[in-house]
Amino acid sequence: MFPNSPLLLEQTMVSKLKLFSIFFKIGAFTIGGGYAMLPLIEHELVEKEQLLDDETFHNGLALSQTSPGPIAVNMAIFLGQQIGGVLTAILCTIAVILPAFLIISLLTGFLVKYGNTPLMLKFFSGVRPAVGAMIAFSLINLIRKAKLNILKATLLTTSFLLLILGITNPIVIILSLIIIGITWERLAK
């Protein structure tokens, strides 16, 4: 568990409910999926509540991106466990999933009936740039905080070019970067 979690160290029910409400709010008000949630999760847990430091957040992000499953769920599991253990991880995961489940359950009939109407198509068309902006903000923020050195900048640029040009599969890049990272850390010691 993260040692500087003043809100959750006592493991009171109030603190667990507060964390549940943070993840529920993020799940409820973030359109665009997990990557659009990242700046909000970071703001709430690192900047506002100071339950995590930048390094722990970014380690969780790296692990969440390389693990199977939705990134928001993986982040909720990792960060919840870091803050308060297994029960907190379960609560955070339920909290981040529950809003989407409820909203989709309630809106399915409406979207089937009215999803292709001109008004709804305009709504979705208007939401797309906002989602793109949130994802771009998250990407820029991650790069800014990555503490890039020459090796990391080279790997970032090379990976980006390989993906854009379609030269290799993303899985090959991820596995290669994991091997390079482990090797680099061992050689550095």
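**Questions about a helical model**

Author: The protein has 8 helices and 0 strands, and in order from the N terminus its elements read α-α-α-α-α-α-α-α. This is a predicted model, and its C-alpha atoms fill a box of roughly 60 × 50 × 25 Å along the principal axes.

Reader: What makes α4 roughly antiparallel to α5?

Author: The axes of helix α4, residues 71–84, and helix α5, residues 86–114, cross at roughly 150 degrees and come within 7 Å. Angles over 145 degrees count as roughly antiparallel, and therefore α4 is described as roughly antiparallel to α5. The crossing in which α4 passes α5 is right-handed.

Reader: Which residues of α4 and α5 meet, and how do they divide into nonpolar, polar and charged?

Author: From α4 the contact takes in A72, V73, A76, I77, G80, Q81 and G84, and from α5 it takes in V86, T88, A89, C92, T93, V96 and I97. By class, the residues of this contact of α4 with α5 are 9 nonpolar, 5 polar and no charged.

Reader: Why is α2 called roughly parallel to α4, and what makes α2 roughly antiparallel to α3?

Author: The angle between α2 and α4 is about 20 degrees, and their axes lie 9 Å apart. Angles under 35 degrees count as roughly parallel, so α2 is roughly parallel to α4. For helix α2, residues 34–48, and helix α3, residues 54–66, the angle is about 155 degrees, with the axes 11 Å apart. That value falls under the class for angles over 145 degrees, so α2 is roughly antiparallel to α3. The crossing of α2 and α3 is right-handed, and α2 also passes α4 in a right-handed crossing.

Reader: Which residues of α2 meet α4, and which meet α3?

Author: G34, Y35, M37, L38, I41 and L45 in α2 meet I71, A72, M75, L79 and I83 in α4, and the contact of α2 with α4 divides into 10 nonpolar residues, 1 polar residue and no charged ones. Towards α3, the residues of α2 are Y35, L38, I41, E42 and V46, and they meet D54, F57, H58, L61 and Q65. The contact of α2 with α3 comprises 6 nonpolar, 2 polar and 2 charged residues.

Reader: What is the mean pLDDT of the protein, and where is the pLDDT below 50?

Author: The mean pLDDT of the protein is 83, and 92% of its residues reach 70 or more. Over residues 1–10 the pLDDT is below 50, although this stretch has 27 contacts in the model beyond near neighbours in sequence. Where pLDDT is low, the predicted coordinates should not be read in detail.

Notes:
Residues numbered from 1 in each chain as written. Predicted model: local features only at pLDDT ≥ 70, side-chain atom pairs only at ≥ 80, totals over all residues. Heavy atoms only, no water. Axes fitted to C-alpha atoms, helices over the stretch in contact; angles between N-to-C directions. Helix = DSSP H or I, 4+ residues; strand = E, 2+ residues; numbered from the N terminus. Parallel < 35°, antiparallel > 145°, perpendicular 65-115°, else oblique. Left-handed = near helix turned anticlockwise from the far one by under 90°. Contact = heavy atoms within 4.5 Å. Nonpolar A, V, L, I, M, F, W, Y, C, P; charged D, E, K, R; others polar. pLDDT = per-residue confidence, 0-100.
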